[in-house]
Amino acid sequence: MTTPKSVHRGAHVLRHSAASAMLRNGASLGGVGAVLRHRSPSVTALYATVDIDLLSEIAQPWGGRLPC
């Protein structure tokens, strides 16, 4: 199995990893933005990605029916 190559490297990956870890551990977006020294909350929101592994632990099984 090959590892996909990312176009992002270095500081970007470090900042993204740190932001993701802070959010996973309960930090607010404002707190993450303060640590990363973002001027705009919309920039910090880019770091709030979906953690599929964490989501799969809390997601309910699909019942096969659409909600009313």
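**Reading the helices and their surroundings**

Modeller: Let us begin with valine 32, which is found in helix 2. Please keep in mind that this is a predicted model.

Biologist: Is valine 32 buried or exposed?

Modeller: A residue is called buried when its relative accessible area is under 20%. Valine 32 has 0% relative accessibility and therefore counts as buried.

Biologist: Which residues does valine 32 touch, apart from those up to four places away in sequence?

Modeller: With those sequence neighbours left aside, valine 32 touches Ala19, Met22, Leu23, Ala27 and Thr44.

Biologist: How many helices and strands does the chain have?

Modeller: The chain has 4 helices and 0 strands. Read from the N terminus, the order of its elements is α-α-α-α.

Biologist: How does one describe the packing of two helices?

Modeller: Two packed helices are described by the angle between their axes together with the distance between those axes. In this structure, the axes of helix 1 and helix 2 come within 10 Å and cross at roughly 150°. An angle over 145 degrees counts as roughly antiparallel, and helix 1 and helix 2 are therefore roughly antiparallel to each other. Their contact is made by Arg15, Ala19, Met22 and Leu23 of helix 1 and by Leu29, Val32, Val35 and Leu36 of helix 2. The crossing of these two helices is right-handed.

Biologist: What span should helix 1 have, and how far apart are its end C-alpha atoms?

Modeller: Helix 1 comprises the 14 residues 11-24, which at 1.5 Å a residue should span 20 Å. Helix 1 is followed by glycine 26, which has a positive phi near 100°.

Biologist: Which residue has a positive phi although it is not a glycine?

Modeller: That residue is arginine 37, with a positive phi of about 60°. Arginine 37 is located in the loop between helix 2 (29-36) and helix 3. At 74% relative accessibility, arginine 37 counts as exposed.

Biologist: Where does alanine 45 lie, and how does its accessibility class follow from its value?

Modeller: Alanine 45 belongs to helix 3, which covers residues 41-45. Its relative accessibility is 36%, so alanine 45 counts as partly exposed. Between alanine 45 and leucine 29 the separation is 16 residues in sequence and 6.9 Å in space, C-alpha to C-alpha.

Biologist: What may be said of the surface of the chain as a whole?

Modeller: Its accessible surface comes to about 6100 Å², and 61% of that belongs to carbon and sulfur atoms. Of the 68 residues of the chain, 12% count as buried.

How values were computed. Residues are numbered from 1 along each chain as its sequence is written. This is a predicted model: local features need pLDDT of at least 70, side-chain atom pairs count only at pLDDT 80 or more; totals for chains, interfaces and linings use all residues. Side-chain values use heavy atoms; hydrogens and water are left out. Buried means under 20% relative accessible area, exposed over 50%, partly exposed in between (1.4 Å probe, protein chains only). The expected span of a helix is 1.5 Å times one less than its number of residues. Accessible areas come from the Shrake-Rupley method with a 1.4 Å probe; for residues, only the protein chains shown count as cover. Contact means heavy atoms within 4.5 Å. Axes are lines fitted to C-alpha atoms, for helices over the stretch in contact, and angles run from 0 to 180 degrees between N-to-C directions. Angles under 35 degrees count as roughly parallel, over 145 as roughly antiparallel, 65 to 115 as roughly perpendicular and the rest as oblique. A crossing is left-handed if the near helix is turned anticlockwise from the far one by less than a right angle, and right-handed if clockwise.
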